[in-house]
Structure formats: C-alpha cells, structure tokens
Amino acid sequence: MTDFDFNVIWMSLPFLWEGLQLSLWLTFLAVIGGIVLGTLLALARLSGIVPLALVAAGYVNLIRSVPLILVIFWFYFLVPLVLGRPVGSFYSALIAFVLFEAAYYSEIIRAGIQSVARGQKFAGQSTGLNYWQIQRYVILPQAFRNMIPILVTQGIILFQDTSLVFVVSLRDFMTASSIVARTEGRLVEMYVFAAIVYFVICFTGSMLVRRMKDRMAT
Amino acid sequence: MIDIKNISKWYGSFKVLSDCSSHVDQKEVVVVCGPSGSGKSTLIKCVNGLEPIQQGNIIVDGADVTAKGTNLTELRARIGMVFQHFELYPHMTVRNNLCLAQEKVLKRSCDEAVSRAELFLDRVGLSEHIDKHPGQLSGGQQQRVAIARSLVMDPIVMLFDEPTSALDPEMINEVLDVMVELAEDGMTMMVVTHEMGFAKKVADRVIFMDEGSIVEDRSTEEFFGNPESDRAKDFLSKILNH
C-alpha cells in the first residue's frame, strides 16, 4: 500500500464523473418509473377486479423470481425485436430497471396503501369523489408519506444495482472505474476509490432515511 | 326520501342484515339503535352504497342505490355522512378537508368553496381553526369539522354512524348540539346512536335493531313510552338506568 497512487484517481476524475452521472441518472429515472408503474401494479392488485389483480400478482411474482441481470439481458435483446429497431443500451437498461423495480416498489406501495385506514376511503366515497380522486387526493398522499423511508432505501439498493449495466456495455461509475483500473494497472487504487464513493453516497442516503424516520416518529 | 325495501346482507355465510325494511321521509329524523353487533352501522352504510347488499332495494331520492346503472358517486355527493371515527383527511388542513369535494365533485371555484367552508365552520363554531390540521383539534372539534365537511355539499339527507361513540364524555354534547340544531333546521337525518336523550329530543321515529333484524320501528313517544318487544325493553332498561 506504500505506493498508493492518488494521482491516477485525480487524473481520471472527469472520466469517472461521467460514469457516476450515468449511474445517478439511471437511478433517478428508474426510481421515478418504478414508483409510477409500481403504484399502478399495487392499485391493480387491490382493485378487487379478479383478472386484473391476478395479472398484476403474476407479473410481480415472475419478476421477483428472476435475477436482475437476466432481466437486463432480456430487454437488451427483446426491446429491439419488439420495436424493430435498436434503442441503445441505455434505454433498454432503463426499461429493464423500471420493469424490475416496479415489481418491488409495488409490494412496498401495496403495504403503504393498506396502512391507510379503510374509513378514509369511505369518507371520500361519501362525499362523491370517484375512485381516482380518492386515490389521488386521499389515499396515496397518506400512503406515500408513510412509505418515503422505505422507498428511499429501495432507491439506494437500485443505485448499487446499476453497476450491473456493464453487461450491456454501458459505462456507469463501476465500469468506468474498472476501465481505468485495468488500463492504468492500478486495481487497488481504483477499486478502493470506487468502494469509498459508493459507501459515501449510500451511507448518506441511509442517514437521510434514519433522520426521516426519527422526524416521523415524533 | 330514503326507502329501504326488504334488504338482506351476508358476510360470507354470516347473515348481518335480514329482511330489513323502513323509510325516512323528508325532514324526518330517524334514530337507529340497538345492541352492538345488531347491524345498525351496516344498515346505514348500505344507504349510500358503501356496503353492498345481496337482496332488496334501497331508493334514495328516487334513485336505486343497489341498481347497476345508478351513478353512485353522483348520488353520494348529495348524501352527507358522518362517521364514528370522523375520518377527516389527516394530511390536509381543515380548509382543504372542506373544499376538496366541493371543487372536485361540485366543480365550485376555490373562492366559492372557501366561502362556503367558512360559513359552515362558523355554524359549528370553529372558524378560527380553518388553517389547522385535524390532528391539532380535539375529538369533538374534529367531529364538528366532519359535519361541516358534509354540509358544504348541500346534502338532501345526512347519515350519522355513531357520531359520538368515539368521543370523550365531555365532548359529546358539543357534537349533539350541532346535530340538534341541524334537525331543528329541517334536515332529513338518519342517526345510528346510543344517545337516547338526543333521540327523545329530536327523533320523529326510532328503529330498534337486534341480530340483523328491525325489531321495532315506531314513533319516538311510543318507543320510549311503551316498547313492544322484550328485547327493546331489555335494551332500554340497560341503557337508561344510569
């Protein structure tokens, strides 16, 4: 460790920063997409319309039984087949992440919706609000307020999972670090640095979650 | 105004309502009472379709609540309902609790909705609390806000589902006072309650339920003066002794 070379990290920062931006951007979009689709899946499962609930439950259980890396592969090869044209690694990975995360988010959101008192729905119904208005103004705001910490936690896991996109040759932060490590022959420096960056980002996120939980508990 | 015709309801194989029939005329105040588990709360929730029924019909203001073609949301907007546990929206201010359905269902402008909210909050004596959240109010205050939330919709009838049974004793009267005033103003009301003092004071009729059936349905004087069934006598002796 005596010849730990900080210079190689310093020199490659712009390159690594590009990778980190991709990781963060992919995380951000996948969280948004996953929550939107996950909400729809959760509503479908709770709809009381049997075919709809079954399809949603089947989807969630299927996705949750498959490794993420396989889903990324699927969509890398499937999406161009379905659309008839290539969409690029980024979008195929994004679609894979959204569809994968939605299954996990939907379970969190379903629990969140069920945590809202049943009488709240009755109150909305009795004033003439329709199903979507009740969800939009009454149920989901309360459900999401209860769920924010666990949604953020899921986002942190997602951020770590974005390191899997190397399989479709996307240059995320992890891949960028690898490239520098191999081309410069500085494996120790780069992998230690990558670990520190992941740790700082994820730990900051966890602390944020803890603070939110404390605030909500009071 | 409300016509309940031979309704029955099951939870699975358990029959909660058994061939119940009654009616509430315009400007009439009808109190529904009975021991817990008698089906009175279920009955009142059927009136605006919050609970489905398997047999019979309920007609409110000419519309069949139980028919498939009925626009239930449109009908419910004209039926006010007050719940045992208030069910105010905890994430919204009192103002927004009162304005939400006015704006989204009746399509009133924000200004119009707020001015009506202020009017009815004033009627229940809570104008100064308009910017608070429900959690900052006492139970009695929350229930009065809940009554105002129904009244801003200009309901043709008000349903009360045990409006005072979740309240601390010292707060019961402030809610009953609002309800008495409402009854005296000529509101059509159906009230599930154990408050026999309220029933004697304003009810035109009393419906007594036991084990899912309507056992008595008579004028208030007759019910209290000369109850017919043993079950009603037993119930009244238990509830009036203290």
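User: Is R205(B) buried or exposed?
Analyst: In this predicted model, R205(B) has a relative accessibility of 10%. Buried means under 20% relative accessible area, exposed over 50%, and partly exposed in between (1.4 Å probe, protein chains only). R205(B) therefore counts as buried.

User: Which side chain meets R205(B) in a salt bridge?
Analyst: A salt bridge is a side-chain nitrogen of Lys or Arg within 4 Å of a carboxyl oxygen of Asp or Glu. R205(B) makes one at 2.8 Å, N to O.

User: How many residues apart are E28(B) and R205(B)?
Analyst: Helices (H or I, at least four residues) and strands (E, at least two) are DSSP runs, numbered from the N terminus. E28(B) sits in the loop between β2 (14-24) and β3 (29-33) of chain B, and R205(B) in strand β9 (residues 205-210). The pair links distant parts of the chain, and the separation is 177 residues.

User: Which helix of chain B holds R231(B)?
Analyst: R231(B) and E211(B) meet in a salt bridge at 3.8 Å, N to O. E211(B) lies in the loop between β9 and β10 (213-219), so the pair ties together parts 20 residues apart in sequence. The helix with R231(B) is α9 (residues 230-240).

User: How many salt bridges does the structure hold over all chains?
Analyst: Residues are numbered from 1 along each chain as written, with chains lettered from A and ligands numbered from 1 in the order written. Local features need pLDDT of at least 70, side-chain atom pairs 80 or more, while totals for chains, interfaces and linings use all residues, and side-chain values use heavy atoms, without hydrogens and water. The total is 22.
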